[in-house]
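Thanks for coming, everyone. Let me put the structure up, and then I'll go through it.

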4 protein chains.
Amino acid sequence: MADRKPVFLVIGAGAGIGGHAAKRFAAGGYHAVLARRSDEKGLQRLVGQIEDAGGSASGLLLNASEDGAIEDLVAQVEQDIGPIESALYNLGAQIGNRKLHDTPHRTFELGWRLGCYGVFRLAHAMFPAMVERANNGRNGSLLVTSATSAVRGNAGQHSHAAAMGGRRMLCQTLNAEFGPQGIHVAHIVVDGAVDAPDTLGKLLGDKFEAFKQSKGEEGVIDPAALAETYWHLAQQPKNCWTHEVDARPWTDVAWWNDNPNSAIDTQAKR
Amino acid sequence: MADRKPVFLVIGAGAGIGGHAAKRFAAGGYHAVLARRSDEKGLQRLVGQIEDAGGSASGLLLNASEDGAIEDLVAQVEQDIGPIESALYNLGAQIGNRKLHDTPHRTFELGWRLGCYGVFRLAHAMFPAMVERANNGRNGSLLVTSATSAVRGNAGQHSHAAAMGGRRMLCQTLNAEFGPQGIHVAHIVVDGAVDAPDTLGKLLGDKFEAFKQSKGEEGVIDPAALAETYWHLAQQPKNCWTHEVDARPWTDVAWWNDNPNSAIDTQAKR
Amino acid sequence: MADRKPVFLVIGAGAGIGGHAAKRFAAGGYHAVLARRSDEKGLQRLVGQIEDAGGSASGLLLNASEDGAIEDLVAQVEQDIGPIESALYNLGAQIGNRKLHDTPHRTFELGWRLGCYGVFRLAHAMFPAMVERANNGRNGSLLVTSATSAVRGNAGQHSHAAAMGGRRMLCQTLNAEFGPQGIHVAHIVVDGAVDAPDTLGKLLGDKFEAFKQSKGEEGVIDPAALAETYWHLAQQPKNCWTHEVDARPWTDVAWWNDNPNSAIDTQAKR
Amino acid sequence: MADRKPVFLVIGAGAGIGGHAAKRFAAGGYHAVLARRSDEKGLQRLVGQIEDAGGSASGLLLNASEDGAIEDLVAQVEQDIGPIESALYNLGAQIGNRKLHDTPHRTFELGWRLGCYGVFRLAHAMFPAMVERANNGRNGSLLVTSATSAVRGNAGQHSHAAAMGGRRMLCQTLNAEFGPQGIHVAHIVVDGAVDAPDTLGKLLGDKFEAFKQSKGEEGVIDPAALAETYWHLAQQPKNCWTHEVDARPWTDVAWWNDNPNSAIDTQAKR
């Protein structure tokens, strides 16, 4: 066992939200386990940064969409590293806006595998031991990064929205069954662009820097700031648990609002 | 008593939704009572149109924001015209987009008086007799026209959104108490521009025609079409009641969606 | 080609909502195509009832969860019977309340296949021809029966809620892309028990009659009444389309409300 | 000027959420101004507790429903104490469950005055100076305590739900206009009973202790725990602002869920 610290497991530990959450929890006394699909080098860089800051971390590669992968990960962490006290599910399959007929069936299914089924599989594999420990007074939590697509389906988001909408309802059913057993499930609606090189950065490619510039000062979510909210959620005492929270930059229009600069058209619909 | 028909009472009976609902219910066998604040001539035109079509109707002027006005109206209709079987509350105080500091306290209060308090007052005055008749097997319903502002608050809509948000919750509390007593309360979220000369027409002034042109074929809600939905709601049997429904033209973006033509900015927030 | 009537295709045509919707649309001039997984006899009974009433109908068996089944059905109907003008997706995999660890991975996946993926597959297969016909002035609509689980996830509903939550978001993305192309997508939140012998009846077994008795007069949704709402939605003109509607019996507590008889506990949470 | 600390103004500073938020912000370096309607002694006790802990605080009595009261308070604090950097609106008029006909018109209006209009008045009075300071790089935030009634209207909650539903929409319109000007508006949905002697305690009277016992260990929200969430919200950097968050004890059923112990009735509605 690496150390006696409680484990914070991140599935989807890129250089954005996942990596920063790992750093925050490591700074708070957890041993962070960072799991991601690829880029061993980037993974070791994150582990190294955590260790350089005096924290404790391990890195693992896995393909979460493969049968057994999440289950094996949980078993391996529990056996070789330590008891998982908190986990962050940070995967999704955002592929940009695509028309229905540019969204093949396999793409839609993969969206579900990563966006919804993976949360089910993680809970299935991880909750039994977590509940047992909660019965003995330990904390247990599952944080789930989510997106605007979990609460409304935009044009072009068939795969992502169907996956995220299912994920949100699943978080509610998990919360309803496991909250009273001592496990805190929190669903975080990230309603703004995140400064995440491994996801949004790759999606936008060489437009990423220009995009961030265009958003102005503090116009893109700093994943380190968001990680503070994740940390806060995981530290809430049992008498005061948040199930859902949203976040966006100050200059962004919330998902439910129209752009205030829009024309008479919007003003007529109130 | 004007006739033995059940009464359909419309508060806010302009040439748009209110007037067309009155026509639809009159065509379906109700005696329509049309109440509005001003324009006796326009009111009599509507009554005349209903009568010309073989229906039965009366017109009344009232200032709904005055104390006692709604209460007196209900008493007068019940005594002089007939039992109110269905009512439509169709008032609001949409004043266009105004910044907070261009929204005086009196304006905000008037928004509440017309947008929220009036529904409370109507229910208070009308429900006792309606419940009594429902106990004897008669139908009873209250339809409430509502707006996108009831479900999300846009910039500039301080007064309207606060009023409509309260109205929506009030419809839910009324439904929760009076549904099991046989009164059907339905809240209609009109999420698009309506071809209503007395409200949107006055708000847009001489831009109204250009606005409608810009929306294209079937691009603005025809109040006669919407009145069919109102009629459908009021005719649902007790085993199958709708509490909330939305409506918009086919070319409109639903309130929860971004404009699909928006830039990379929106695409990054999913 | 069976006749020149437009086709109303029902996937999930049991003796409840699906069968009654087929009857209603057949009465309104459509040729109803009833597709269901099993019970050839029950299927032919429904077809016979429609024909006896002067309507036109066909019946087909299919296993919608099999690859290609929905796609083949659409192709076959379009080729052999006629152009699909309206379709109802009426399948789901409600299995009653089950704890997470009584919900196997296969069950969760099947829930998604029937509850969410099937809607995607139907839209994929059916919309291209429908859009083409809409461009030529024909109507096109997809009605999707949904459930309370689409808007909140109760304990024990892991599979159903994840599927229905995804289904709801998918209906929004379909509506956002295809509404402006002339196809009306409507999502119906059935928030009450339906008098449906083939689904709820089977789920409750010999408790079904006692359950209905306990609900009192008009205490269970009559699928014929609900079918009127489906018919209304499909007949809305383009300028006034409803995307979402709910329905429940008058004596039911809406999903967002607490039982009014609950104890002080609930009263303290307001 | 009392000191050079930024001011945290609490309107509705009883011994529950308001008082504990004041303590938390005072511990974090703010000068807390506690305003409440009555109980000078209780008010001074809170101020004393803050000072004993090394913090800085003032206490004021006001009747927030009186015209000018909130406006005068803001002016007085800004002039005599210091610049308001953060404010908490913590008033409401929860009166327990009352049928519509036990809810007089004055009660309904008072509910709106305290629950909705007061937020408008506070924003009107406070935001101009706050925006000016935000332009110069200072923080500005308005936290609004809210309730389950802001998102669904239960039977008996006519006054409270109408007020809270309006409050929630108003928070959205304020956020939409003032977020991009640097003022963070956050709406906190308190979806559980709070250990608040001055509000729930008074509502339940001598049943309060038994109620808390019945809820079990950590079964009632500790206002000190909730105050940590308020503090977290007010400290979020501009790139990562939460607009809405919920909270409840682990053993409570979230507002959107049915009680899992409910009968077959609920199971049939999924």
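Predicted model: local features only at pLDDT ≥ 70, side-chain atom pairs only at ≥ 80, totals over all residues.

Let's begin with chains A and C. Rotate chain A by 180°, with 0.0 Å of shift along the axis, and chain A superposes on chain C. The RMSD is 0.0 Å. The two copies are therefore related as by a two-fold rotation axis. Where does chain A come nearest to that axis, counting C-alpha atoms? At Gly166(A), whose C-alpha is 2.1 Å from the axis.

Now the contact itself. On the chain A side, 42 residues are in contact, and they meet 42 residues of chain C. Of the interface residues of chain A, 100% are interface residues in chain C too, so the copies meet through the same surface.

How much area goes under? The size of an interface is often given as the accessible area lost when the parts come together. Between chain A and chain C, that is about 3,300 Å². Carbon and sulfur atoms give 69% of this area.

Next, the polar side of this interface. We count 15 residue pairs in polar contact between chain A and chain C, both residues at pLDDT 80 or more. Which elements of chain A give two or more residues to this side? They are α4 (105-135) and α5 (158-178). By residue type, the chain A side divides into 20 nonpolar, 14 polar and eight charged.

How many salt bridges cross between chain A and chain C? Two. One of the pairs is Glu109(A) with Arg113(C), at 3.6 Å, N to O.

On to chains C and B. Here 32 residues of chain C are in contact with 32 residues of chain B. The buried area is about 2,800 Å². Carbon and sulfur atoms account for 55% of that. What about salt bridges? The count between chain C and chain B is zero. Polar contacts do turn up: 20 residue pairs, both at pLDDT 80 or more.

Three elements of chain C each supply at least two residues to the side that touches chain B: α5 (158-178), α8 (223-235) and β7 (244-247). Which of them gives the most? That is α8(C), with five residues. The chain C side divides into 14 nonpolar, 11 polar and seven charged.

Now salt bridges inside a chain. Over all chains, a search of the whole structure finds 60. I'll show a few.

Start at Arg36(B). Is Arg36(B) buried or exposed? Buried, with a relative accessible area of 8%. Arg36(B) forms a salt bridge with Asp39(B), at 3.4 Å, N to O. Asp39(B) is partly exposed, at 33% relative accessible area. Arg36(B) also meets Asp198(B) in a salt bridge, at 3.2 Å, N to O. Asp198(B) sits in the loop between β6 (184-190) and α6 (200-204), while Arg36(B) is in strand β2 (residues 31-36), so the pair ties together parts of chain B that are 162 residues apart in sequence. Asp198(B) counts as partly exposed, at 23% relative accessibility.

Asp252(D) forms a salt bridge with Lys215(D), and the closest N and O atoms are 2.6 Å apart. Asp252(D) is in the loop between β7 (244-247) and α9 (264-267), and Lys215(D) is in helix α7 (residues 208-215), so this pair ties together parts of chain D that are 37 residues apart in sequence. Are these two buried or exposed? Asp252(D) is buried, at 11% relative accessible area. Lys215(D) is buried too, at 12%.

In chain A, a polar contact of 2.6 Å joins the side chains of Asp252(A) and Lys215(A). Asp252(A) is buried, at 11%.

Most residues other than glycine have a negative phi. Asp39(C) has a positive phi of about 70°. Asp39(C) lies in the loop between β2 (31-36) and α2 (40-52) of chain C, and is partly exposed at 33%. In chain D, phi of Asp39(D) is near 70°, again positive. Asp39(D) is found in the loop between β2 (31-36) and α2 (40-52) of chain D. Its relative accessible area is 34%, partly exposed.

That's the tour. Over to you for questions.

Methods: Residues numbered from 1 in each chain as written. Chains lettered and ligands numbered in written order. Heavy atoms only, no water. Least-squares fit on C-alpha atoms with pLDDT ≥ 70 in both. Contact = heavy atoms within 4.5 Å. Buried area = accessible area lost by both parts, 1.4 Å probe. Salt bridge = Lys/Arg side-chain N within 4 Å of Asp/Glu carboxyl O. Polar contact = N/O pair within 3.5 Å; in protein donor to acceptor, adjacent residues only side chain to side chain. Helix = DSSP H or I, 4+ residues; strand = E, 2+ residues; numbered from the N terminus. Nonpolar A, V, L, I, M, F, W, Y, C, P; charged D, E, K, R; others polar. Buried < 20%, exposed > 50% of the residue type's maximum accessible area, 1.4 Å probe, protein only.
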